[in-house]
Amino acid sequence: MDKGENGVISTLDTLDEIGISHTGTYRNIEEQNDILIKEANGVKIAFISFTYGTNGIPVPKGKEYLVNLIDENLILEQIKLAKEKDVDIICASMHWGIEYAQKQSAEQEKLANFLFENGVDIIIGNHAHVIEPMEKRKITLEDGTEKEVFVVYALGNFVSGQIKEHTKSTAILDMQIRKVGATGKIEIDSVDYIPVYCYDKGAGVRNRYELIDIRAAIEAYDSGDTSKVNASLYRTLKTELANIEKVLGNPITKETEQEESVEDESEANETNTIDNKGFNPRSGGGGRRLKNKGTLVPFIF
């Protein structure tokens, strides 16, 4: 909304001209009610999008359709419209959270729960300008059925001129999703990511910003190739990679989920060895809390 209604319309016109799909901002109510649907390998995915605000710029009265603000009633209506399209997956892009915070807020967690409980399967978050954790869950719906869901609370900046710590690093998600033929149930087989750094070559340089595959660049430098990465940039890439891996954690696979389950069972056995006062003599005080086994598979630092 920085340039008002005309700016929204101009942006959407340009995106349409160059063939880029979009959601979350609209020219009219009809467009707002027309949910963006994409199909890949027989899987239908609905994309919906919401933001906490518009940088203090008011949305014109009577034209609230210009942007999807975070509002539970609007969210429920958009989910309903998506379900009417008989989609397999609903993916929500959420502009939320606290700037420069590398951990999600309680409000984000509450809203994520609301989205999942009402039909959203995948949440891709942003706004923080830095990376925030990701997690895969298995939730139980009101009808007793279970489903797998995923959220990354923030992926950070992609191309950015910001100079605050960690605002030039991001990640490209690689999610492997499977539709079970007999039941049509959706399973999230794995979630991996490619750490990326936005390198600023300096003012006056053509194509000033370059996106660097961090792991590939580090590997090349370690093998003796210094044609693209100097010692200073190498140290920066190492620092950013360590931070990304700390925040996002390990890739999520069926194998890592099984390992997590084994760890849960081990913790359960340990926690069950308590005295009659509820004290676990091996924990150092006040027994260890058990994870909700089979429900949450966290990879959060």
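Which exposed residues does α1 carry on the face turned away from its buried side? They are Asn6, Glu17 and Ile18. This is a predicted model. The protein chain has seven helices and eleven strands. Of its 301 residues, 39% are buried. Among contacts with a separation of 6 or more, 62% join residues 24 or more positions apart.

**Helix α1**

- α1 covers residues 4–18.
- Its length can be checked: at 1.5 Å a residue, 15 residues should span 21 Å. The end C-alpha atoms of α1 are 22 Å apart, which agrees.
- The buried residues in α1 are Gly7, Val8 and Leu12. Seen down the axis of α1, the buried residues fall within an arc of 130°, so they line one face of the helix.
- An α-helix has 3.6 residues a turn, so residues three or four places apart point the same way.
- The cover over the buried residues of α1 includes α2, residues 29–32.

**Helix α5**

- Helix α5 spans residues 214–222, and its buried residues are Ile214, Ala217 and Ile218. They cover an arc of only 100° around the axis, which puts them on the same side of α5.

**The largest pocket**

- The largest pocket has a volume of about 990 Å³. It is lined by 32 residues, and the closest to its centre are Thr23, Thr25, Ser49, Thr51 and His95.
- Four elements each supply at least two lining residues: α1, β2 (43–51), β3 (89–95) and β4 (122–126).
- Which element gives the largest share of this lining? It is α1, with six residues.
- The lining of the largest pocket divides into twelve nonpolar, 18 polar and two charged residues.

**The second largest pocket**

- The second largest pocket has a volume of about 390 Å³.
- Its lining has 20 residues, and those nearest the centre are Val87, Asp88, Asp121, Lys147 and Ile186. Two or more lining residues come from each of β3, β6 (146–155) and β8 (186–200).
- β6 gives the most to this lining, with three residues.
- By type, the lining of the second largest pocket has eight nonpolar, four polar and eight charged residues.

**Gln78, in a helix**

- Gln78 lies in helix α3, residues 72–83.
- Is Gln78 buried or exposed? Its relative accessibility is 1%, so Gln78 counts as buried. The cut-off for buried is under 20%.
- Leaving aside neighbours within four places in sequence, Gln78 is in contact with Tyr26, Gln32, Ile35, Ile48, Phe50 and Asn68.
- Gln78 and Ala46 are 32 residues apart in sequence, and their C-alpha atoms are 9.9 Å apart in space.

**Lys103, in a loop**

- Lys103 is found in the loop between β3 and α4, where α4 is residues 106–117.
- Its relative accessibility is 44%, so Lys103 counts as partly exposed. Partly exposed sits between the 20% limit for buried and the 50% limit for exposed.
- Lys103 and Val130 are 27 residues apart along the chain, with their C-alpha atoms separated by 9.4 Å.

- Most residues other than glycine have a negative phi.
- His127 is not a glycine, yet has a positive phi of about 120°. It is found in the loop between β4 and β5, where β5 is residues 131–140.
- His127 is buried, with a relative accessible area of 10%.
- Asn207, a residue other than glycine, also has a positive phi, near 50°. It lies in the loop between β8 and β9.
- Is Asn207 buried or exposed? Asn207 is exposed, because its relative accessible area is 59% and exposed means over 50%.

Note on methods: Residues are numbered from 1 along each chain as its sequence is written. This is a predicted model: local features need pLDDT of at least 70, side-chain atom pairs count only at pLDDT 80 or more; totals for chains, interfaces and linings use all residues. Side-chain values use heavy atoms; hydrogens and water are left out. On a 1 Å grid over the protein atoms alone, a cavity is a set of points where a 1.4 Å probe fits but cannot get out, and a pocket is an open set with protein on both sides within 12 Å along at least five of seven lines; lining residues have an atom within 4 Å of a point. Grid points are joined across faces, edges and corners, and a volume is the space filled by probe spheres set on the points. Ala, Val, Leu, Ile, Met, Phe, Trp, Tyr, Cys and Pro count as nonpolar, Asp, Glu, Lys and Arg as charged, and the others, Gly among them, as polar. The expected span of a helix is 1.5 Å times one less than its number of residues. Buried means under 20% relative accessible area, exposed over 50%, partly exposed in between (1.4 Å probe, protein chains only). The arc is that of the directions from the helix axis to the C-beta atoms. Contact means heavy atoms within 4.5 Å.
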